[in-house]
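Dear colleague,

Please read them with the model open beside you.

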Amino acid sequence: MRKSLPIILTTLMLFVTFITNAQGELFKVMATKGIIVLKKAASAEWKPLFTGTRLHKEEQIKVSEKGYLGLIHAPTGKTLEVKTPGTYNISDLATKVTSNKVSFSEKYSKYVYAELTSAEAEDPNANHKKNMKVTGSVDRGLLNSDFIRVFATGNSDVLNSNTTIRWMKNAGAEGYVVEVFNMVDEVIQKNETVDTSITIDLAKINYGEFADDKRVIIKVSAKNNKKLISHSKTIVFNESKELATELANLEGEFSEESSLGYLIKASFYEQKNMFLEAANCYEKAIILEPNSEKYKSMFRNFLVKYELPEFYPYYTVD
Amino acid sequence: MKKIILYFFKWDHILCTLFIFAMLALFQVVEIPKTDLVDPVGKTFEDFDATDVIFSKIRKYKSKDKEIVINDEKSDTNIVIVNFGERSRGEIAQMLQIVNSYNPAVIGVDAFFKKPKFSEDSIENIFLKREDSLLSAACQQIDNLVFVSKLLFDDSTTTFQGIQKSHPMFSNYVEMGYANLITAGTEKEQKTCRTFDPQEIINGKKEVAFPVKLASYIDKFAANQFLDRQYEVERINYLGNITEEEGVKFTVLDHDQILNHEFDSSIFKNKIVLFGFTGRYLGEVTLEDIFYTPMNEKYVGKAYPDMYGIVIHANIIHMILTKSYIDVMPEWIGLLIGVIVCYISVVFLGLVFEKFPLLYGTLGKIVQLFITFILLFITIRTMYYYSYRIDFGPAIVTVLLAGDLLEIYMEVIKNGFIKIRRLILLRKNK
C-alpha cells in the first residue's frame, strides 16, 4: 500500500487537474473581427485573441469599437456573439449562456405573429438536372473574349462621385448598353454608347431604400447581342469623411501636380481597396512622365496583381 | 354514442367534403379571378413550406442580453471556412501550405483555375507562370486536397454530358467533387438554393457532390449512409451562416489571418477546411457566388442574397456528418391526411352551422384558425426536432376553404337539390 500510494496520489492529482481544466474551458473562438484581446488569469498582460483559442473561466476579454467576437459555448454548443465594445469576464458570459433557456413553444409563438413566407413560384426540382447550371464556386484567372471585359475588379470603392467605367472593345459588339443596378437587381440607370467608356455620377443616383449603402452593380452588354455581356462589377461610393481627410492631408504635401504625387496617391488608394482610383493615378503619373519605364512597370505589376494585365496596352502611352 | 357516430358519418359531411375537393381541383385547372372567397387564402395555393420557417425564424431566434447575443442552435466545430478574398494564385498556394502544416483531415477548394495565366509581355509572363507553378506545387504536395468540378448539362439530351475541371496542372493532383447546386435562377441572376443533387453517373462513372466528398474524409460511413438513401434530390437542412447579422455557425478565418498566422494552432487538426470566396474581406456582401436560401427572411429580389456558395457547402457537410437530413412525407399520405382533416373540419363547422347559424361567420373562422394553428405547430415541431417534413399543405388549404364552401354547399347546392327533387315529385304526382 505504501509503495503504491505515490502512484495513486499522482494519478488523483492528474485527474483533478484534468477535470479542473476541462471544467475551466468554457468557450472556443469561432470568429473575430477588429481588435480583440485576452487576459489570462495568471497574467496582467493583454494579448491578441485569435480564432480557435480556448477560453477559460478565470480569463477576461476586451472587445474594441467595431469589433466582433463569435464564440461557441463548449459544454452546450450554443453560440454567443459579442458586438458591444467592453471588457467581459468569461465566467459571466458562461452564466448568461447557461441561464438562457428559450423553449420551442416560445420561439413558435413569436413566429405566429410574423408574416408566413412562402416558397418561390416554380419548383426547380421538377427537372433538377436542368436547374444545375450553377456551382457554388468562383472562377479564378479566366481569360477569354466571349464576354465584355470591364476595367474594374469585382468590387471597388471610389471616393470621387464622377466615376469613369471603361471596357475593352469587343469585335462582336455594335455599340454598348451600360446598366446600373441596385443591390436587389433593379435597373436604376441605363445608358447607351458607341465608345468604350462612360462616366457615371454616383452622387446623382437614386439609391432608394439603400441610401445608407451607396453600392451599385455595373454591367456592360453589346447593343446588338444581349448575351455578350460583362461580369458584374460592384462600385461602392465611399463618402467616408475620415478617408477624405486622409486624402486631403496627403494631397497637401504636394504643392503641384507631380508624377510622384500621383504614384503615392495610387499607393494610398490601393491600400484602401480602391482599384479604379488607384488606376487613374497610375495613368496620370505615366502621362506626366511618359518616358519612365519604372512607372510603366509599376502600373503593369498593379494590373497583374488584380488579374487585368491585358488592359495595359490600352491605358498607357507607349 | 350511436347518435354521435351517426352524426359524424352524415351524408352531408361526406358530400360537402367531396364538393370541397372538387372545387380545389377546379382552382388548379381554371384561373379564378380574385374574389373574397379566393383572396384570403391566395397564399395557400402556393407551395407552403414549413422548412423555411424553421430556418428563417425558429433557428435564427436570438436572445439579446444588453451586450451579448445568444443563439440556442449548436455550431459545428468540425468545419473551418477560410475566405481567400481576391488573393492571387500564389497567395492561395501559400495559404494552402500554411493550413496543411496543421494536419487538417481534408482541404476543399471552392474555385476554378481553368486556364494558366498568360501575358503577351514576356516579363509579366514569368511572373504569372510563377503564380501557377506555386499553386501546382501545392496541389502536388498536399494530400487530401479536393477541388470543385462542374457537371455540364446538355439541353438537347437533358442529361449531364461531361465534367468541367480546373486546368490539368492543378486537377491532375487532386480529388474532385462537383459543386453544382439546384437553383431557380442562372449565373447572371440572383439564385435561390434549397436542394442539391448528391451523386450522378457520368460516362459510366459515379461522381459525388463536393460536400459529400469532403464529408467522407471525416466519416466515410456517414457519407455512404447518406448516398445509400438514393435520393435524386436532397433538401439542405441549413444550420446557419457566417455573418455578423445572423451569427457564426462555423469557424471562419479571413485570408490575412491565415497569412499572418493569426489563429490558434489547434484550429485545423482533423477538421474539414473549406477555401472559398466570402467577399474581399470577411463580412462584405458582394454579388459574386452568393445565393438566396430559406434562411433569408424576405423573398428573392426583396433583400440582399444571404449566403455564399462555400457556406452552403459547409451546411451540407454538417447535415451529412450529423445525419440530420430531411425526410419527406410521401405525397399520397399528405393527401390522405388532407381528406381526413377536411372531413373533421366539415363535421365541426357543420355543427356550428346548424346550432349557431347567426354566429357561423365568426365561430367558423375561429374553428378554422384553431385547426390551422394546430397543423402548423405539428408541422414545424416535427421538422424542428425530427427533420421530418410533413406535408400538411392540402390539409391546411381545405380547412381554410371549408368555412365558405360549406356555406355554399348548404345554402346553394343542398337547397337547390332539395328544390329540384320537390319539383320532380310534384310533376310525378300530377
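In this predicted model, α6(A) and α7(A) cross in a left-handed way, a crossing being left-handed if the near helix is turned anticlockwise from the far one by less than a right angle, and right-handed if clockwise. The model being predicted, local features need pLDDT of at least 70 and side-chain atom pairs count only at pLDDT 80 or more, while totals for chains, interfaces and linings use all residues. Residues are numbered from 1 along each chain as its sequence is written, with chains lettered from A and ligands numbered from 1 in the order in which they are written.

Helices here are DSSP runs (H or I, at least four residues), numbered from the N terminus. Helix α6 (residues 275-288) of chain A packs against helix α7 (residues 293-305) of chain A at an angle of about 160°, their axes being 9 Å apart, where axes are lines fitted to C-alpha atoms over the stretch in contact and angles run from 0 to 180 degrees between N-to-C directions. The pair is therefore roughly antiparallel, a term for angles over 145 degrees.

On the α6(A) side the contact is made by Ala278(A), Tyr282(A), Ala285(A) and Ile286(A), which meet Tyr295(A), Lys296(A), Phe299(A) and Phe302(A) of α7(A); contact requires C-beta atoms, placed from the backbone, within 7 Å.

Helix α5 (residues 259-271) of chain A packs with α6(A) at about 165°, with axes 8 Å apart, so α5(A) is roughly antiparallel to α6(A). The crossing of α5(A) with α6(A) is left-handed.

Best regards

Definitions and conventions
Helices (H or I, at least four residues) and strands (E, at least two) are DSSP runs, numbered from the N terminus. Angles under 35 degrees count as roughly parallel, over 145 as roughly antiparallel, 65 to 115 as roughly perpendicular and the rest as oblique. Two residues are in contact if their C-beta atoms, placed from the backbone, lie within 7 Å.
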